[in-house]
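Work through the exercises below with the structure in view. Try each task before you read its solution.

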There are 2 protein chains.
Amino acid sequence: MIPENFKNYLINKGGLTLSEFDHLASSLQSKKVSKGHTFLREGEVCQQSFFVEQGLLRSFTIDDSGKEHIIQFAPENWFISERSSIFFNEPAEFFIEAIEDSTVVLIDKDFMIIAAELSAVFREYNERLLHNHIRHLQKRVNQLLSAPAEKRYLNFINLYPDLLLRVPQWMIASYLGITPESLSRVRKDLATKNFKQ
Amino acid sequence: MIPENFKNYLINKGGLTLSEFDHLASSLQSKKVSKGHTFLREGEVCQQSFFVEQGLLRSFTIDDSGKEHIIQFAPENWFISERSSIFFNEPAEFFIEAIEDSTVVLIDKDFMIIAAELSAVFREYNERLLHNHIRHLQKRVNQLLSAPAEKRYLNFINLYPDLLLRVPQWMIASYLGITPESLSRVRKDLATKNFKQ
DNA sequence: TTTATTTCTTACCATACATCAATGCTGTGC
DNA sequence: GCACAGCATTGATGTATGGTAAGAAATAAA
């Protein structure tokens with residue numbers, strides 16, 4: 001069965017033709033998993049990226065004291081991968097896990113290389129995605145350097161209003177770099193502020 | 001005059017042949033600037049990346065209260081650029097400035113596109129650089145989420161022992177996300193710790 | 001050299017956020 | 001329905017880092 005979103009992504013955004021897609025699709029594998037399923041563990045070596053056909057994934061680390069820190073959320077039509085493992089053949093530095101029941105397309109390193117050889121449009125789109133990812137991460141670094149918890153939370157709401165409803169609060173806290181307790185207090189403050197105005 | 005380091009980079013790492021390089025080099029422009037020179041200001045639109053032939057550059061933001069936050073250091077043989085501006089035609093979100101007297105190669109967006117068309121090796125190397133940049137930024141995000149100031153500083157020393165000597169401490173503090181005063185205290189603590197052992 | 005400017009350090013106090021522990025809430029399985 | 005688990009909230013208290021201000025040290029300028 002061909003994953004629709006991934007097909008659309010490759011054809012509409014990546015500029016592949018239908019026949020090019022058919023040629024590639026044979027090597028594709030998609031996987032249905034339920035909430036909580038772990039795709040990748042820290043320390044493992046991993047040779048695949050993941051395209052989220054449906055559902056929601058996250059990548060995160062666990063520090064010395066056992067606390068989780070969320071690096072990325074990946075809802076529908078997003079990629080998530082461990083570049084250390086895939087492109088540099090090193091053991092993974094974080095975990096990848098399903099937050100919701102999800103359908104995920106497993107993508108070998110080779111797949112992207114072949115697709116890039118087939119289509120210059122695909123290549124360019126892919127490079128654009130990489131630049132965008134860097135840009136996004138730089139913005140996040142900047143926020144972590146410069147903005148207090150409340151501002152980071154407000155920014156998160158603006159950027160990902162949909163995730164706000166799909167993700168438990170303690171994960172959002174983890175993404176923002178604060179404790180669930182602190183996020184709860186930030187929300188309380190915001191509520192009373194808005195009420196007073 | 002042809003910038004040596006950039007030439008070596010394109011030929012040895014990027015896999016360009018000498019003739020390919022010569023063909024491209026005509027459009028190259030390199031610039032000698034002195035410490036403090038600003039290449040790019042927040043809000044400007046910018047159409048060039050910068051390759052540091054010699055010297056040291058930094059990119060940074062300035063927040064509402066006037067404080068600077070360093071996003072990246074770029075010593076010799078590093079690229080530094082504003083992707084929002086170059087690849088998405090948006091006004092720059094940060095400043096780029098010389099920390100030392102530097103020689104910098106100015107690179108148009110077109111240059112990279114043409115080089116990529118010339119050489120598959122270059123294309124792959126370049127993509128590899130992008131993946132590495134993402135990996136690096138993810139590690140930094142993870143540190144900002146999980147590690148206290150002291151650990152971040154120790155990590156910085158390991159990663160960039162050379163920068164430690166070339167960059168004023170307040171800039172390192174800014175890169176780490178703490179005040180210069182705090183960094184000074186962290187260093188004092190480390191000194192007394194090591195003495196006691 | 002002398003002076004001026006920037007950077008670094010130190011002390012005291014303030015603040016943001018963390019930690020710990022208790023309580024209530026919400027959903028899920030039996 | 002009840003019991004249980006995971007999550008969110010709240011209060012009391014602790015800790016890491018920030019802010020301010022002053023002086024020392026280093027660096028650049030004259």
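This is a predicted model: local features need pLDDT of at least 70, side-chain atom pairs count only at pLDDT 80 or more; totals for chains, interfaces and linings use all residues.

**Exercise 1: confidence**

Task: State the mean pLDDT of chain A, then find which of its elements score lowest and highest.

Solution. Step 1: take the whole chain. The mean pLDDT of chain A is 92. Of its residues, 97% reach 70 or more. Step 2: go element by element. Helix 2 of chain A (residues 18-25) has the lowest mean, 86. Helix 8 of chain A (residues 169-176) has the highest, 98.

**Exercise 2: strand 3 of chain A**

Task: Decide whether strand 3 of chain A is mostly covered or mostly open, and find its partners.

Solution. Step 1: count buried residues. A residue is buried if 20 or more other C-beta atoms lie within 10 Å of its own. Six of the seven residues in strand 3 of chain A (residues 48-54) are buried, so the strand is mostly covered. Step 2: look for partners. Strand 8 of chain A (residues 102-108) pairs with strand 3 of chain A through six bridges, antiparallel. There, Phe51(A) stands opposite Val105(A). Strand 6 of chain A (residues 79-80) also pairs with strand 3 of chain A in the antiparallel sense, over two bridges. Here Phe50(A) has Ile80(A) as its bridge partner.

**Exercise 3: the sheet of chain B**

Task: Give the strand order of the four-stranded sheet in chain B and name its edges.

Solution. Strands of a sheet pair through backbone hydrogen bonds, either parallel or antiparallel. Step 2: read the order. The sheet is open, its order is 1-8-3-6, and the pairing is antiparallel. Step 3: find the edges. Strand 1 (29-33) and strand 6 (79-80) of chain B each pair on one side only. Step 4: check one pair. Strand 1 and strand 8 of chain B are joined by five bridges. One residue of interest is Ser30(B), whose bridge partner in strand 8 of chain B is Val105(B).

**Exercise 4: two copies and a DNA strand**

Task: Work out how chain B relates to chain A, then describe the surface near DNA strand C.

Solution. Step 1: superpose. A 180° rotation with 0.0 Å of shift along its axis brings chain B onto chain A, with an RMSD of 0.0 Å. This is therefore the relation of a two-fold axis. Both copies use the same surface: 100% of the contact residues of chain B recur in chain A. Step 2: turn to the DNA. DNA strand C is surrounded by 15 residues. Among the closest are Pro148(A), Ser182(A) and Gln169(B). Step 3: find the elements. Helix 9 of chain A, plus helix 8 and helix 9 of chain B, each give two or more residues. Helix 9 of chain B gives the most, six. Step 4: sort by type. The surface has six nonpolar, four polar and five charged residues.

Note on methods
Residues are numbered from 1 along each chain as its sequence is written. Chains are lettered from A and ligands numbered from 1 in the order in which they are written. A residue is near a molecule or strand if its C-beta atom, placed from the backbone, lies within 6 Å of it. Ala, Val, Leu, Ile, Met, Phe, Trp, Tyr, Cys and Pro count as nonpolar, Asp, Glu, Lys and Arg as charged, and the others, Gly among them, as polar. Two strands pair if DSSP finds at least two bridges between them. pLDDT is the predictor's confidence in each residue, from 0 to 100. A residue is buried if 20 or more other C-beta atoms lie within 10 Å of its own, exposed if 12 or fewer, and partly exposed in between; C-beta atoms are placed from the backbone. Copies are superposed by least squares on the C-alpha atoms of residues with pLDDT of at least 70 in both. Two residues are in contact if their C-beta atoms, placed from the backbone, lie within 7 Å.
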